[in-house]
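Hi,

Here is the model I promised to pass on.

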Protein chains: 2
Amino acid sequence: MSRADVSTHLFGKIYLLGTGLMGGSLALDLKERGLVEKVVGSDMEPQRSDHALAIGILDEVQPMLPEVVQSCDLVILAVPALSLREVLKGGFQKDTLVTDVGSVKGDAVKGYREAVQAGRGYRYVPGHPIAGDEKSGPDAARRGLFDGARVILTPVDASDEDISAVTRMWEGVGARVMIMDPDEHDQVFAWVSHMPHMAAYAIVDSVLTRDPGLVDLSGGGLRDYTRIAASSPRMWADIAVANRKELLAATKGLQNAVQGIVSALEEGDRDRLESIFERIALVRRSRI
Amino acid sequence: MSRADVSTHLFGKIYLLGTGLMGGSLALDLKERGLVEKVVGSDMEPQRSDHALAIGILDEVQPMLPEVVQSCDLVILAVPALSLREVLKGGFQKDTLVTDVGSVKGDAVKGYREAVQAGRGYRYVPGHPIAGDEKSGPDAARRGLFDGARVILTPVDASDEDISAVTRMWEGVGARVMIMDPDEHDQVFAWVSHMPHMAAYAIVDSVLTRDPGLVDLSGGGLRDYTRIAASSPRMWADIAVANRKELLAATKGLQNAVQGIVSALEEGDRDRLESIFERIALVRRSRI
């Protein structure tokens, strides 16, 4: 590759840990759009590393060793929440720029802070792209996943330059970037994402408990929830535990709301039900 | 219209009560596909009758009087559940063929049986098309709504000829018809449709209670639920009350399932959460 080409890259070589839907899609887009020169990396499941190489997500499979990472301009961590925290806690060299795509940010920042305290601090810009679906693994990766998506960065002590570099990377793949405090991020997403996901599990679970055969009879109603509930169990168990405190508050909020409907149903109070539904329906209509 | 044209119709003139999404869409398709010659009818909200006439759902606005209905080959009732029961209970002339598009069938059949007991019985083929979305009213009506949809008929003492005529009508607009017992229908739909809908209300309600501003920050997670929860409050209050007993059982099933997740969260039991999620996710994967 000529020198002129290289100069248009945002980063030269990057290291990608985790080649699933998020990491794989990001690597494909970063290369396709010329934002990075080369992607080396690995997956925590070795057979996935080889597959990611075969389908063009990785240019080279390399273990995440200090000498490999040292030669990279950016490290992208795209692993489930609890592994993410362990990797962040393990630390990197001082001048290594690290970002991630995890859905829980307070827990990730804790891992980073533990590394700092142990004298293994690095340049860290935490990120959370709001994208993806129930699919997982390298084969689910696809170009354009982040087009129009929102990405939230939750830096705690990164430099403006580093925040700007990671911002330009996301904007380069079509995303809109916003900055939030990590704890505020986790509170918000406990309510707007993690709790609704737990609710989808609970809906499908209750139907299965009643009669698994009912699932085949589902029209539009249940089908949406079985799709949501088909997401990676490992990823969601990690999210649930990593954001446990906020998620518990949100799930208890859900329980209260369900109880409100159950009470109105028990009393057969049609007008109260309609006024509850009307109040809720208004939210959407006022935003269309 | 020539005699030859008329002979290709399944029904000549039909009476449509209710010109919203379901009734309006059915009328448009029945006329477009030449299955009926003429649609007269009305809406319980008078201004909607006129609008339905203006946009071609109705060919004539006519009140649902005995002399009007008597000249029709079929009556389609497309009104919310509680109104439906009242109309069915009111009765028709003995030779009038009546069908409906209500989501709750036990309650509708009760209305019909009350009419029979009062000596006002008629030819009744209860129906439930599994179609529609959160929109409502005549303007939401559209051609092709029932293409590929499932329609469930729950006849109790209709003749084979009448069941067959209503079946051909639905097949004529692209639907697949199945027959079920009305009580079994209501049990099934309490779990696969009505309870999941209550859950969507509860999810959005709990977020609103926490902070209405959160709705604007929702990514894919909450947005699906705000869409579902934007459905007609009147229709859903009617459904909830008409299928109250089964819906209560299903909603209590939901509460148990949510509690199972809350307990695992409280104990921070990651592996139990993953095994719960895995069991639920398998359902969908086994069906793809």
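To start with the interface: how many residues of chain A are in contact with residues of chain B? The count is 68 residues of chain A touching 68 residues of chain B, where contact means that the C-beta atoms of two residues, placed from the backbone, lie within 7 Å.

Before going further, some housekeeping. This is a predicted model, in which local features need pLDDT of at least 70 and side-chain atom pairs count only at pLDDT 80 or more, while totals for chains, interfaces and linings use all residues. Residues are numbered from 1 along each chain as its sequence is written, and chains are lettered from A and ligands numbered from 1 in the order in which they are written.

**Confidence**

Chain A has a mean pLDDT of 92, with 95% of its residues at 70 or more (pLDDT is the predictor's confidence in each residue, from 0 to 100). Residues 1–6 of chain A are where to be careful: pLDDT is below 50 there, and the stretch has four contacts in the model beyond near neighbours in sequence. For the complex, the predictor gives an ipTM of 0.87 and a pTM of 0.88.

**The chain as a whole**

Chain A has 12 helices and nine strands; these are DSSP runs numbered from the N terminus, H or I over at least four residues for helices and E over at least two for strands. Its C-alpha trace spans about 75 × 40 × 35 Å along the principal axes. Of the 288 residues in chain A, 53% count as buried. The cut-offs are 20 or more other C-beta atoms within 10 Å of a residue's own for buried, 12 or fewer for exposed, and anything in between for partly exposed, with C-beta atoms placed from the backbone. Among the contacts in chain A with a separation of 6 or more, 73% join residues 24 or more positions apart.

**How the two copies meet**

Chain A superposes on chain B by a rotation of 180° with 0.0 Å of shift along its axis, at an RMSD of 0.0 Å. That is the relation of a two-fold axis.

The largest share, 18 residues, comes from α8(A).

One residue to look at is W236(B), which sits in helix α10 of chain B. W236(B) counts as buried because it has 24 C-beta neighbours inside 10 Å. Beyond its neighbours within four places in sequence, W236(B) is in contact with F277(A), H197(B) and S231(B).

**Two helix pairs in chain B**

Helices α8(B) and α11(B) pack at about 55°, with their axes 8 Å apart. Axes here are lines fitted to C-alpha atoms, for helices over the stretch in contact, and angles run from 0 to 180 degrees between N-to-C directions. The pair is therefore oblique; angles under 35 degrees count as roughly parallel, over 145 as roughly antiparallel, 65 to 115 as roughly perpendicular and the rest as oblique. Residues making the contact include W191(B) and H194(B) from α8(B), and L247(B) and L254(B) from α11(B).

Helices α5(B) and α6(B) pack at about 20°, with axes 6 Å apart, so they are roughly parallel. L84(B) and L88(B) of α5(B) are among the residues in that contact, as are G111(B) and Y112(B) of α6(B). Within α5(B), A81(B), L82(B), L84(B), R85(B), V87(B) and L88(B) are buried. They pack against β1 (11–17), β4 (74–77), β5 (97–100), α6 and α10 of chain B. Just after α5(B), G91(B) takes a positive phi of about 85°.

H9(A) lies in the loop between α1 (3–8) and β1 (11–17) of chain A. H9(A) is partly exposed, with 17 other C-beta atoms within 10 Å. Setting aside neighbours within four places in sequence, H9(A) is in contact with G34(A), L35(A), V36(A) and E37(A).

Cheers

Key: Copies are superposed by least squares on the C-alpha atoms of residues with pLDDT of at least 70 in both.
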